[in-house]
Amino acid sequence: MKIGIIVYSKTENTYSVAEKLQEKFQENGHEVEIERVIPAGEVPPRAKNVEFQSKPELKSYDALIFGAPVHAFSLAPPMKSYLEQLDSLQDKKIACFVTKGLRFNWTGGNQAIGKMKKICESKGGKVVGTDIVVWNKSKDQKIDEMIRKFAVLF
Ligand SMILES: Cc1cc2nc3c(=O)[nH]c(=O)nc-3n(C[C@H](O)[C@H](O)[C@H](O)COP(=O)(O)O)c2cc1C
């Protein structure tokens, strides 16, 4: 299966998780590419309709994993705009994850995942898994757990 890991990452935490996911899926025999969502310039905290320097094209992938940070108690605007601007995710299998700094999932994690799921489903995608990684001292354990959970989805 060809899997695209589509990531927005401002300070590289989310990207580092994407690399670990890529390694695991490759071990399992999948073809896996990481592609970055890159906004054009600085993005204000609650920006709408972000413009992009780079917008990954998804047609060639059988399955997708979207990853992004939580910003201002919700999904980081570049990922929100990117997902909103996609034409179709019809029948694609999708997993979504976010990384965040604050301990509790209600400080933006649940909101961000809810948004990703809702937008993906509105474009015809099938969201089969989601997870939230809090960037604290237990993060490596949490990332391993998420990778094990996602590895059986595709
Ligand atoms: C502008 C900004 C806003 C943030 N807002 C939140 C927040 O509301 N809740 C939270 O848990 N973490 C918040 N964080 C922390 C990030 O979500 C966390 O550091 C994340 O892992 C960063 O991912 P990245 O390195 O891929 O950009 C914020 C970080 C930034 C830079």
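## Before we start

Residue numbers begin at 1 in each chain and follow the sequence as written. Because the model is predicted, local features need pLDDT of at least 70 and side-chain atom pairs count only at pLDDT 80 or more, while totals for chains, interfaces and linings use all residues.

## Around the ligand

Let's begin with the ligand, which 20 residues surround; a residue belongs here if its C-beta atom, placed from the backbone, lies within 6 Å of the molecule. The closest are Asn13, Thr14, Pro69, Lys100 and Gly101. Helix 1 (13-27), strand 5 (63-71) and strand 7 (93-100) each give at least two residues to this shell. Helices (H or I, at least four residues) and strands (E, at least two) are DSSP runs, numbered from the N terminus.

The shell has 8 nonpolar, 9 polar and 3 charged residues. Here Ala, Val, Leu, Ile, Met, Phe, Trp, Tyr, Cys and Pro count as nonpolar, Asp, Glu, Lys and Arg as charged, and the others, Gly among them, as polar.

Strand 5 runs parallel to strand 1 (residues 2-7), joined by 5 bridges, and parallel to strand 7, joined by 7 bridges. Two strands pair if DSSP finds at least two bridges between them. Gly67 stands opposite Phe97 in strand 7. Strand 6 is antiparallel to strand 5, with 2 bridges, and the two form a hairpin with 2 residues between them. In that turn, Ala72 has a positive phi of about 50°.

## Helix 3

Now look at helix 3 (residues 109-122), whose 14 residues reach 20 Å from first C-alpha to last, close to the 20 Å expected at 1.5 Å a residue; the expected span is 1.5 Å times one less than the number of residues. Gly109, Ala112, Ile113, Met116, Ile119 and Cys120 are buried in this helix. They cover an arc of only 135° around the axis, so they sit on the same side of helix 3; the arc is that of the directions from the helix axis to the C-beta atoms.

On the other side of helix 3, Lys118 and Ser122 are exposed. After helix 3 comes Gly124, which has a positive phi near 90°.

Definitions and conventions:
Buried ≥ 20, exposed ≤ 12 C-beta atoms within 10 Å, placed from the backbone.
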